[in-house]
Amino acid sequence: MTRTADALVIGGGPAGLMAAEQLLAAGARVALMDSQRSVGRKFLLAGIGGLNLTHSLGRPQFDTAYREQQDWVAGWLDALDNQALMQWADALGAETFVGTSGRVFPREKKAAPLLRAWLTRLRAAGLQIHTRHRLTHRTEQGWMFDTPEGIAAWDAPAVVLAMGGGSWPQLGSDGQWQSLFHADELEPLQATNCGMECEWSPVLQSKAGEPIKPVILKWTDQTGRTVERQGECVITPYGLEGSVLYPAVPDLRDGIWRTGKATVHLDLMPHWTTKKVAEVLASRGKHSLTETARKALKLSGGRLHLFNEFYRQSPLEPDALAHTIRNTPITFTGLRPMQEAISTAGGVRREALTDGLMRKQEPGIFCAGEMLDWEAPTGGFLLNACMASGVIAGRAAADYWLTLARQ
Ligand SMILES: Cc1cc2nc3c(=O)[nH]c(=O)nc-3n(C[C@H](O)[C@H](O)[C@H](O)COP(=O)(O)OP(=O)(O)OC[C@H]3O[C@@H](n4cnc5c(N)ncnc54)[C@H](O)[C@@H]3O)c2cc1C
């Protein structure tokens with residue numbers, strides 16, 4: 001027997017919950033299905049890092065984080081920008097603050113209290129949540145879910161799909177939903193906000209876990225422009241991982257696909273002038289380069305290990321060496337697998353959807369969140385866009401249902 005509701009939301013992450021909230025506000029009977037034993041598991045994982053909900057940048061600068069898709073995402077942000085998202089969180093008792101880097105967090109720096117308050121409000125508004133319901137396929141009977149009690153069929157006039165990207169599949173977002181779409185509606189899912197691989201010596205491999213901070217990363221973007229970002233990263237057995245890398249991944253990824261490698265440069269002395277570094281090197285007397293780096297240049301942790309790896313026995317004159325230390329080349333040869341990434345690029349293409357995020361090939365089916373084809377660096381841009389797209393898809397689905405209900 002097929003069970004019915006006014007609207008189905010499939011996927012209980014932030015995008016799906018936000019879509020459900022819009023449908024409930026329009027008076028719809030909403031059933032939300034999720035494959036996991038509880039909803040919002042990746043949202044809770046984000047809470048381990050303090051739950052960076054959004055970023056305080058003003059618009060239109062905020063929108064540029066979405067690169068080629070910024071015009072598309074801007075339409076969603078018109079419905080839920082950073083200010084509106086902060087007010088939304090405040091109303092749920094999770095008062096927010098702007099951190100030193102401009103990132104916005106709940107004061108408690110936890111996701112669980114916010115998620116709990118949100119679910120309480122959604123349930124009070126009538127949301128039926130069906131966990132351990134994994135969408136497997138569709139038949140003429142409706143949307144088929146694998147559940148502990150066997151296969152369950154559900155159908156509704158409006159259906160919002162919000163099943164996430166392809167990272168951290170153990171939390172539910174395994175990308176299997178791609179089989180529901182035609183190939184021309186999809187861009188391949190790929191890792192973004194992920195670690196980068198390079199060939200370290202055994203010595204550097206043994207330094208895994210050592211932070212490289214502060215550091216400036218320099219790379220060439222797709223237009224040939226040199227981009228610089230200050231931040232930090234960490235040495236891993238396979239290469240580097242960390243927030244300073246993430247904005248560069250889309251540019252480097254294309255280079256790696258095309259040529260098998262992509263080179264960036266690290267400035268290991270971001271707060272020093274090249275002249276000052278050269279002077280210190282020139283006056284080192286009988287001290288070794290390693291000793292000079294540690295004591296006079298005050299390098300430590302991962303920066304000192306990189307110095308030792310590349311420059312311990314450098315024959316370069318002080319001026320040339322100082323310049324090189326500020327432009328240490330690292331050649332990446334690969335990206336870490338999508339399963340480990342913080343988020344994914346690719347997904348349902350803009351051209352396959354209406355402005356209300358409804359599938360053009362099949363009216364009544366809406367999409368939201370990370371399963372859409374956009375990407376952004378970390379910094380709160382991911383959750384803000386996921387939730388804003390949930391508002392758009394949920395409102396459009398509510399309009400669709402209401403129009404059908406009135407006929
Ligand atoms: C370690 C980590 C830290 C992060 N920290 C931040 C941060 O601080 N700030 C930020 O902006 N972003 C952060 N992100 C990214 C952010 O969490 C995601 O972009 C966001 O959760 C995506 O939301 P979504 O609703 O689109 O998908 P998801 O949150 O992935 O939810 C999708 C849901 O769909 C369900 N689902 C999938 N397939 C099926 C199926 N077949 N049947 C039924 N249900 C299904 C899943 O179980 C899941 O609950 C982080 C990500 C990671 C991995």
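Helices (H or I, at least four residues) and strands (E, at least two) are DSSP runs, numbered from the N terminus. The model shown in every view is predicted.

**View 1. The second largest pocket and its lining.** The second largest pocket holds about 830 Å³ of space. Its lining is made up of 32 residues. Ala65, Arg229, Pro247, Pro377 and Phe381 lie nearest the centre of the pocket. Strand E15 (226-235) and helix H7 (249-259) each supply at least two residues of this lining. E15 gives the most, with five residues.

**View 2. Strand E14 and its two antiparallel partners, E15 and E17.** Strand E14 (residues 211-220) is joined to E15 by eight bridges, and the two run antiparallel. Val215 has Gly231 of E15 as its bridge partner. E14 and E15 form a hairpin, with five residues between the strands. In the turn, Gly224 has a positive phi of about 90 degrees. E14 also runs antiparallel to strand E17 (residues 262-267), joined by three bridges.

**View 3. An open sheet of four strands.** The strand order is E1-E10-E9-E8, and the pairing is mixed. Strand E1 (2-4) and strand E8 (134-139) are the edge strands, and each pairs on one side only. From one strand to the next, the twist averages 35 degrees. E1 pairs with strand E10 (residues 150-155) in the parallel sense, over three bridges. Thr2 has Ala153 of E10 as its bridge partner.

**View 4. Asp6 and its contacts.** Asp6 sits in the loop between E1 and strand E2 (7-10). Is this residue buried or exposed? Asp6 has a relative accessible area of 13%. Buried means under 20%, so Asp6 counts as buried. Neighbours within four places in sequence are left aside in what follows. Asp6 is in contact with Gly27, Ala28 and Arg29, among others. Its contacts also include Ala156, Pro157, Ala158 and Trp401. Leu23 is 17 residues from Asp6 in sequence, and the two C-alpha atoms are 9.0 Å apart in space.

**View 5. An open sheet of three strands.** The strand order is E4-E6-E5, with antiparallel pairing. Strand E4 (54-55) and strand E5 (96-98) are the edge strands. Each of them pairs on one side only. E4 and strand E6 (residues 103-106) run antiparallel and are joined by two bridges. Thr54 stands opposite Val104 in E6.

**View 6. The buried residues of helix H9.** Three residues of H9 (residues 289-296) to look for are Leu289, Thr292 and Ala293, the buried residues of this helix. Seen down the axis of H9, these buried residues fall within an arc of 100 degrees, so they line one face of the helix. Which helices do they pack against? The partners are helix H8 (274-282), helix H10 (301-311) and helix H11 (318-325). Just after H9, Lys298 takes a positive phi of about 60 degrees.

Conventions. Residues are numbered from 1 along each chain as its sequence is written. This is a predicted model: local features need pLDDT of at least 70, side-chain atom pairs count only at pLDDT 80 or more; totals for chains, interfaces and linings use all residues. Side-chain values use heavy atoms; hydrogens and water are left out. Buried means under 20% relative accessible area, exposed over 50%, partly exposed in between (1.4 Å probe, protein chains only). The arc is that of the directions from the helix axis to the C-beta atoms. Contact means heavy atoms within 4.5 Å. Two strands pair if DSSP finds at least two bridges between them. Axes are lines fitted to C-alpha atoms, for helices over the stretch in contact, and angles run from 0 to 180 degrees between N-to-C directions. On a 1 Å grid over the protein atoms alone, a cavity is a set of points where a 1.4 Å probe fits but cannot get out, and a pocket is an open set with protein on both sides within 12 Å along at least five of seven lines; lining residues have an atom within 4 Å of a point. Grid points are joined across faces, edges and corners, and a volume is the space filled by probe spheres set on the points.
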